[in-house]
Amino acid sequence: MNRITQQNPNHSSVQSSASIGQLEQLEQRTLMAAGYDLGVNINNSGSGIVDEGSAVLKQLGAKTVRVWIGVTDFNSRKVNGALRRAIEYSNAGFDVLAIVNPTGGKMHSPSAISGWFDWAAGNSAIRSAVDRWEIGNEVDHHSYWRGSLKQYVNNFLKPASIALREHGEPVVSAGPSWNPEDVREMIDEGMLNYVDYVGYHPYANGASMVKQRVREVVAIVNGRKPLVATEWNVRGYENDKAKWAEAVEEVFPTIRDNFELNYYFGLVNTNKTKAGPGGIMYTNGGKTSFFHALAAGMKSAVGAVIGNTPSALPSITKISVYNADTDQKILDSLKKGDVIDLTETGTRNLAFVATASTSTGSVKFTINGDTTTDNSRTYAPFGDAWGNLKGEIMSAGTHSLTVTPYLKDDANGKIGVTRKLSFTIKNGAVASPTPRPTPAAPAKPGSKPGVVARPSVSGVSIVDAVTGKVIPGYGNISSNMTINLSKLPTRKIAIIAIGNGNTRSVELSARGKTRVENNAPFAFFGDVFGKLASWKAVKGTYTFRATAFAQLGATGAQGNTLQVKLTFK
C-alpha cells in the first residue's frame, strides 16, 4: 500500500532563448513554474464534458483551468452548476482559477458582493477547489460590466478582495479585452491595493499585434504584480484555420514567457463565443489543429522576455512534508489531492517546508485559515529550532494549504505565484513517537533530594513578533481578557506560553489546532531560530490552551493545563 496517493504529476517544457542569458532565465522559470506553462478556459459548463475535457487537457500538458462562475444574485448562497464544475475539475487534479462575473454585467451593492465572496471562501468544498479568484471579466466591455473602471475597482473588486483576503484567498483583477491603457487606468484608481495578480487579455489581429500589446502591458505593470493572461488567442484568421493555428503557435511562447499564468481560449471548438471557434477539442473529444499548435508551442524555445519580467519574481518549486518528530521526509512534493496515511507516516506531528527560488525573501503560509510568514531559508510555517523542524498535530480530514513567495522579508515586495493545495489526512492508529533524548534538568539550589518540581505554565503573553518583546500590559495573562486591536502598537503579534524552568515542552491548542513546542519560546504559531512567526489578529474570541510537560514531545511528567480566552475587538 502506498503511503501517498498523488495526482497530476509535474510536466515541464523547454523555455525560450533569444540569448544565452534569456535562456538561463527562462530555464530557471520553467523549473519554478511547476508545469503551469499553459492553462485553458473552460468554455463549456456542462458536466458531461469534464471527463473528456480533462483527458485532452492532460494530454496537452495543461495543469490549470479557468472556470466561469456567473452570479445572478449575490445574496444567494447556492452552490450552482458552475461552482460544481470548478469542484469537478479540481477533483480531476487541476489548479482552478474561478472567474466570477455578474450576469449581464449588472452592478450589485458592495455589501452583497462582500457577503457572497465571504460565503464562497468560507465554504470548505469551494475553498478547497478554487486556487485563485478572478474578480470580473473584461470590465471595459458593456456585456460584462455596466459601470466605469473606477466603479469596478471601488464597488466590485475592493469588497470582493477584502472578503477573500480575510480567508487568505489570492485575487486576480479582471482582464480588459484588449487595451493596455485600461490596465493603467485601473492601477491609477488603486487596483494594485486589492490584487495579487494583474489580469489582461492580449487579444489582437495578427501575431505581431498580440506581441506589441504584451510589450505595452508589461511596461505599464512594470513588475509590481505578477501578470496573468486570463484569456488569450489571435484574431483575424477566422476564415483560415491553418493560418490561425500557425499564429497561435507563433504567439504562445511570448505569452508563456511574460505571464506567470496564461489561459488559452478555449477548450471546446464552438461558434457560440465572441472569441470564435478556436477550441482545442471537438465535442466528441477529438483534437483540433489548435491542440497541435499549442503542443508545438509548448516545445518551442523561441520566445521573448520583455522588460521587467516574471522570471525575476520569487517563486515556489515544491512543498515537502516531514515527520516533525524525526525530521524525516515523508513526501518530497505535495500535490493537490494527495492523501497522507497516518498509519504509514508514524506520526500526526507534521511539518511543511517550501523550496523557493534564490530571489525569494519570505514565504507566507496559510494552513486551514491560520497565516504565518517565514523569512528564513528553511521556509517552514511552524518554524524550526536550531535545525529541528516544528510541526502541528494534524487531524484526519481535508486540509488547505496556501503558499505565497515574496521578494522581501515579512511578506513585502514583489509577489510570486501563489500555490494553493488541498490534501487529505487519512486516519489510523499511530504509535506514540520516540522523543529525542533530553538531559535531565539540573537540581535547583536548596531543593530536597528525590523531590522533583513539576513543569507548569503560568500564563500567556502577547508579543510584538518583529521585536520579540512583550507588549506592555499584556504579559503573563492567566485569565480571560478583552483586547482593543486599535490600542496595540502592531498587528504583527505572537502568543507565547510562559513555562517554568522544569518545562521542556508544551502542548499548545488554538483555533481548533494542536501542536507541540519543544523549545522556548513556546509560541502558539511557531518561530524560526527564535524569531516569532507573526499572526494577524482579527476581531473575535479565541481560546488558547497550554499543557506543560517535563520532557520533549509532550512526554514525561505532565504539569498543569492553562486555558485563557482572548477577545479582540
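Reader: What does the side chain of Ser461 reach?
Author: The backbone nitrogen of Asn476, at 2.8 Å. That is a polar contact (a pair of N or O atoms within 3.5 Å; within protein, one must be able to donate a hydrogen and the other to accept it, and residues adjacent in sequence count only if both atoms are side-chain atoms). This is a predicted model, where local features need pLDDT of at least 70, side-chain atom pairs count only at pLDDT 80 or more, and totals for chains, interfaces and linings use all residues. Residues are numbered from 1 along each chain as its sequence is written, and side-chain values use heavy atoms, with hydrogens and water left out.

Reader: Is Ser461 buried or exposed?
Author: Ser461 is buried, at 3% relative accessible area. Buried means under 20%, exposed over 50%, and partly exposed in between (1.4 Å probe, protein chains only).

Reader: Where does Ser461 lie, and what does it touch?
Author: Ser461 belongs to strand 22, residues 457–464. Strands (E, at least two residues) and helices (H or I, at least four) are DSSP runs numbered from the N terminus. Leaving out residues up to four places away in sequence, Ser461 touches several others, including Val470, Tyr474, Asn476 and Ile498. Contact means heavy atoms within 4.5 Å.

Reader: New topic. How many helices and strands does the protein chain have?
Author: 11 helices and 32 strands. Of its 569 residues, 56% are buried.

Reader: What is the average pLDDT?
Author: The protein chain averages 83, and 85% of the residues score at least 70. pLDDT is the predictor's confidence in each residue, from 0 to 100.

Reader: Where does pLDDT stay under 50?
Author: Over residues 1–35 the pLDDT is below 50. Residues 307–311 also stay under 50.

Reader: What about phi of Asn222?
Author: Phi there is near 55 degrees, a positive value in a residue other than glycine. Most residues other than glycine have a negative phi, and most peptide bonds are trans. Asn222 is in the loop between helix 8 (207–221) and strand 8 (227–232), and is partly exposed at 43% relative accessible area.

Reader: And phi of Ala411?
Author: Ala411 has a positive phi too, near 55 degrees. Its loop runs between strand 19 (397–408) and strand 20 (412–415).
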